[in-house]
Amino acid sequence: MTPFAFHIANDRAEALALAADGARFVGGGTNLVDLLRQNVDSASQLVDVSRLTSDIQEADGGALLIGASMKNSALAAQPLIRERYPMLSRALLAGASAQIRNMATVGGNIMQRTRCAYFYDVDGARCNKRQPGGGCDAIGGFNRYHAILGASNDCVATHPSDMCVALAALSAVVHLAGPAGERTVPLAEFHALPAASPQIESVLQPGEMITAVELPPATPAMVNSEYRKLRDRSSYAFALVSVAAGLDVVEGNVAEVRIALGGVAAKPWRATRAEAALRGLPATRANFLSAAEEELAEARPLEGNAFKIGLAQRTIAAVLESLAGDPA
Ligand SMILES: Cc1cc2nc3c(=O)[nH]c(=O)nc-3n(C[C@H](O)[C@H](O)[C@H](O)COP(=O)(O)OP(=O)(O)OC[C@H]3O[C@@H](n4cnc5c(N)ncnc54)[C@H](O)[C@@H]3O)c2cc1C
Ligand code: SF4
């Protein structure tokens, strides 16, 4: 690890000024510090933003504004989140370990890097994300955890966050502040697919920071929601496939449905095709499965992860069936 200067920001202006001078933001440090220690990443200065806004504010109409420095464990435990957006609380609790969730922040979770093993192997592996143009050893190598949707010939990595899958399904909006002022970006548009530039992972610009995440006022399908994560062991493991879903059934038909997938792409994958296919249809297992198949129709598996297609289809159907209660 190369030495770096460490600053603690007392307010946003101080953090942005230090970032303008080249400092990197650090929240809980649970991902960035590992990357620095393993020489996957480097920094000459870090600015600790974990003491900035870490509360939840409720706006008129019921929208919630979550401070970017709020800890993952605190957010999962918030009564407002557990009651109105249970899929988000469950996604947070499905991630990492209690110790890591106590340190990890909302902003850092959104910005966490892929868990592709070749990305971390600085001495032995080719990785376009680390060294653009260098090649990708995952494509012909160990790719059980890699993407089946939206990947490219240059990178097949997945985004590892559980929290972000629920945020995508909830139509959350990311609030940013930077040298050019403040702006908002829907979470579903925040992370980038790799195309020919896998080193570009989000729309965040140099010196720009995440200040908050906004949840829209809760709808019936946000309240009746679930997060299910499939993994190689039952805790402390990243998702092979995960599903965040919400459902509102009125007189037997789908009135509102929200679905996002984790573990399948370089970003949390909002299943817009499946959602569109289901709206207005009877809430039956057959219709849930057929919509899931439509969503996965363009999946392009690698040698080691074709099982993810069926796993994602069956999990979408099973979660929706459970949310429907007693479908025909
Ligand atoms: C052993 C282990 C198991 C894990 N398992 C899971 C899991 O199952 N599911 C899961 O979802 N996650 C898992 N994680 C990842 C964990 O969730 C992340 O490490 C954590 O969320 C990152 O948050 P942080 O605040 O510590 O980020 P940091 O490490 O502090 O920062 C991460 C990145 O975010 C940037 N950043 C931080 N704050 C801001 C901000 N406000 N604005 C802009 N950029 C910012 C940093 O510059 C850095 O690039 C695991 C981690 C470990 C170590
Ligand atoms: S999948 Fe992406 S992160 Fe993994 S080795 Fe290939 S380029 Fe690197």
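Domain bounds, as used here, come from an automatic or database domain assignment. On that basis the chain is divided into domain 1 (5–50) and domain 2 (223–324). The C-alpha centres of domain 1 and domain 2 lie 36 Å apart.

Before I continue, some conventions. This is a predicted model, in which local features need pLDDT of at least 70 and side-chain atom pairs count only at pLDDT 80 or more, while totals for chains, interfaces and linings use all residues. Residues are numbered from 1 along each chain as its sequence is written, and chains are lettered from A and ligands numbered from 1 in the order in which they are written.

Let me turn to the sheets. Helices (H or I, at least four residues) and strands (E, at least two) are DSSP runs, numbered from the N terminus; two strands pair if DSSP finds at least two bridges between them.

One open sheet has five strands in the order E4-E5-E8-E6-E7, paired antiparallel. Strand E4 (56–58) and strand E7 (181–186) stand at its edges with a single partner strand each, so one side of each is left without a neighbour in the sheet. On average, neighbouring strands of this sheet are turned by 25° against each other, direction ignored; axes are lines fitted to C-alpha atoms, for helices over the stretch in contact, and angles otherwise run from 0 to 180 degrees between N-to-C directions. Strand E6 (residues 173–178) runs antiparallel to E7 and is joined to E7 by six bridges. Within this pair, Leu-176 is placed opposite Arg-183 of E7. Helix H1 (residues 12–20) packs on the sheet, where H1 touches E6 and strand E8 (209–215), and the direction of H1 makes about 130° with that of E8. Contact between two residues requires their C-beta atoms, placed from the backbone, to lie within 7 Å.

The other open sheet has four strands, again with antiparallel pairing, in the order E9-E10-E11-E12. Its edge strands, strand E9 (225–230) and strand E12 (269–270), each pair on one side only. Two bridges link strand E11 (residues 253–262) to E12 in the antiparallel sense, and Ala-260 has Arg-270 of E12 as its bridge partner.

Which helices lie across E9 and E10? Helix H5 (residues 86–93) lies across E9 and strand E10 (241–250), at about 25° to E9. Helix H13 (residues 307–324) lies across E9, E10 and E11, at about 35° to E10.

H13 also meets helix H12 (residues 285–295): the two axes come within 8 Å and cross at roughly 145°. Residues of H12 including Phe-288, Leu-289 and Ala-292 meet residues of H13, among them Ile-316, Ala-317 and Leu-320. By class, this contact has seven nonpolar, one polar and three charged residues. Here Ala, Val, Leu, Ile, Met, Phe, Trp, Tyr, Cys and Pro count as nonpolar, Asp, Glu, Lys and Arg as charged, and the others, Gly among them, as polar.

Finally, the ligands. A residue is near a molecule if its C-beta atom, placed from the backbone, lies within 6 Å of it. Ligand 1 is surrounded by 29 residues, the closest being Gly-27, Gly-28, Gly-107, Gly-108 and Met-111. Strand E2 (24–26), helix H6 (98–103), helix H7 (106–111) and E8 each supply at least two residues of that shell, with the largest share, four residues, coming from H7. The shell around ligand 1 has 15 nonpolar, twelve polar and two charged residues.

Around ligand 2 there are 14 residues, of which Cys-116, Tyr-118, Cys-127, Cys-136 and Cys-155 come nearest. Its shell has ten nonpolar, two polar and two charged residues.
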